[in-house]
Amino acid sequence: MPQRYGPPDGDAEIRHYAGIVAVTFAGELPAFEDWVRSFGPDLRVLRDQGVVAGLTIYRMGQYFGGKSVPTWGIAGVAVPPHLRGSGLGLELMRANLHENFEHGPPLSTLYPAAPALYRKLGWEFAGTRTLLRMRLSDLPAEDSDASVRPAADSDEAAIRELYRGLHAGLNGCLDRSEAIWQRLRRAPRETPVMQFVAEREGRIAGYLMYLQKRDVPGRFSFDVVVRELVAADAGAARSLLAMLARHRSVAREVTLPASPHDPLLHEVLRTQEIPVESHMGWMLRVVRPAEALESRGYSPHVAARACVEIHDPELPQNCGTITLALEGGEMRASKGGSGPRLDVRGLAALYAGHLSPGELRAAGLLAGSAKHDAALAAMFAGPSPFTPDFF
Ligand SMILES: CC(C)(COP(=O)(O)OP(=O)(O)OC[C@H]1O[C@@H](n2cnc3c(N)ncnc32)[C@H](O)[C@@H]1OP(=O)(O)O)[C@@H](O)C(=O)NCCC(=O)NCCS
């Protein structure tokens, strides 16, 4: 007899969970069944005379301070409509958090359709994902010395290296697993993801992945949905944007993921205002604080000490005061000392560089003596956390 929470026990439970996911996210069962099956052992279900809830786990990393910290990306959290509101979602997430604490990585990351559920267990908003919407006729259409050609299979290693090189230094970006790379390319059959690279003297300096989406059947023009536009320099960005701009006789608008201070915007900003198509927040859970704090990167130019008393009602093992000592880019987190009270949700936002100590105080997540605030601010200062990925 399988336990109440755990990986699906055989094919019938996998199919049952896939059915819940398809109903919950208004999708087609065959597509969701393929997606669910691709996770193999990384599915979890809750049972009560059959499957009553489930989730999927992306095993991946997230870059903080230039280092990849292992995390579980939680997705596909679903309870069937007739069973919602009776505590199953909370029970499922609690069981997953405790499993993560015992056997998983030091962090957990998710996009929260229901933030209150995750807040109860210690997740907090820690970064964003922003999609801009622009008229194709507003994009610059001048080429540069970088030429654009369709991507070949043999470009894959260079594409991934370019992504890593440009994102590893940006807080919150994913150290993508194979499943995340596949997600970027997954699309309905009738709208394939098109891929191009910009190159100069045989070296790839940028790439573009997009699909063409016709929202209104029968209408002549469509929209361009950019999955990813990555450029190592302004010339590569210009050539890729110019190619997009040349869709303007058949397409109207383009949506495009952008970071908070995206250098791409230097190329596209022709006005002071760009409409935001979507601005979502993702949440982070610091599951094992000392390990998480010692695993991320820090500026080698900051030397600082601070104490905080972590408050984590869901995982009392994490409660207590720790002393943080940062030097030469290495953090040591040891028990003891005396400092202000930091809710574990506040720790997530601080860890990612999303909220400063002052902002944490205003949010009610940090309380007590402010004498360590300046040291904490210096330790966790960095680029605004974001990720171009949705999962
Ligand atoms: C969100 C979902 C997983 C929650 O599961 P559930 O069993 O219905 O939720 P619970 O009864 O365990 O509620 C736990 C807490 O979650 C929050 N919550 C629950 N349902 C919610 C909803 N529909 N919207 C916003 N918050 C919700 C509440 O804070 C609730 O606590 P409270 O009742 O004390 O206020 C479930 O409603 C569902 O499958 N919804 C559709 C899919 C979805 O949104 N998935 C989440 C993807 S991140």
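In which helix does D373 lie? I looked this residue up first, and D373 lies in helix 12, which spans residues 373-380, where helices (H or I, at least four residues) and strands (E, at least two) are DSSP runs numbered from the N terminus.

Before going on, I note that this is a predicted model, in which local features need pLDDT of at least 70 and side-chain atom pairs count only at pLDDT 80 or more, while totals for chains, interfaces and linings use all residues. Residues are numbered from 1 along each chain as its sequence is written, and side-chain values use heavy atoms, with hydrogens and water left out.

**Helix 12**

Leaving aside its neighbours within four places in sequence, D373 is in contact with P357, R361 and L366, contact being heavy atoms within 4.5 Å. In helix 12 I then listed D373, A375, L376, M379 and F380 as buried. These residues cover an arc of only 160° around the axis, so they sit on the same side of helix 12; the arc is that of the directions from the helix axis to the C-beta atoms.

**Helix 2**

I made the corresponding check on helix 2, residues 29-37, where F32, E33, W35 and V36 are buried. Their arc around the axis is only 165°, which puts them on the same side of helix 2. The exposed residues P30 and D34 are carried by the face turned away from that buried side. Among what covers the buried residues of helix 2, I found helix 1 (11-24), strand 2 (43-47), strand 3 (51-64) and strand 4 (67-78).

**Domains**

The protein chain is divided into domain 1 (5-122), domain 2 (130-280) and domain 3 (288-380), with bounds that come from an automatic or database domain assignment. I noted that the C-alpha centres of domain 2 and domain 3 lie 36 Å apart.

I located C319 in the loop between strand 14 (304-311) and strand 15 (320-327), and at 38% relative accessibility C319 counts as partly exposed. Apart from neighbours within four places in sequence, C319 is in contact with I310, H311 and D312. C319 and F386 are 67 residues apart in sequence and 28 Å apart in space, C-alpha to C-alpha.

R227 is found in strand 11 and counts as partly exposed, at 24% relative accessibility. Once its neighbours within four places in sequence are set aside, the contacts of R227 include R183, R185, M209, Y210 and P257. R227 and F391 are 164 residues apart in sequence, and their C-alpha atoms are 13 Å apart in space.

**The second largest pocket**

My last entry concerns the second largest pocket, which has a volume of about 500 Å³. On a 1 Å grid over the protein atoms alone, a pocket is an open set of points where a 1.4 Å probe fits, with protein on both sides within 12 Å along at least five of seven lines, and lining residues have an atom within 4 Å of a point. Of the 28 residues that line this pocket, H167, L170, S259, D262 and P263 are the closest to its centre. Strand 11 gives the largest share of the lining, 4 residues.

Conventions. Grid points are joined across faces, edges and corners, and a volume is the space filled by probe spheres set on the points. Buried means under 20% relative accessible area, exposed over 50%, partly exposed in between (1.4 Å probe, protein chains only).
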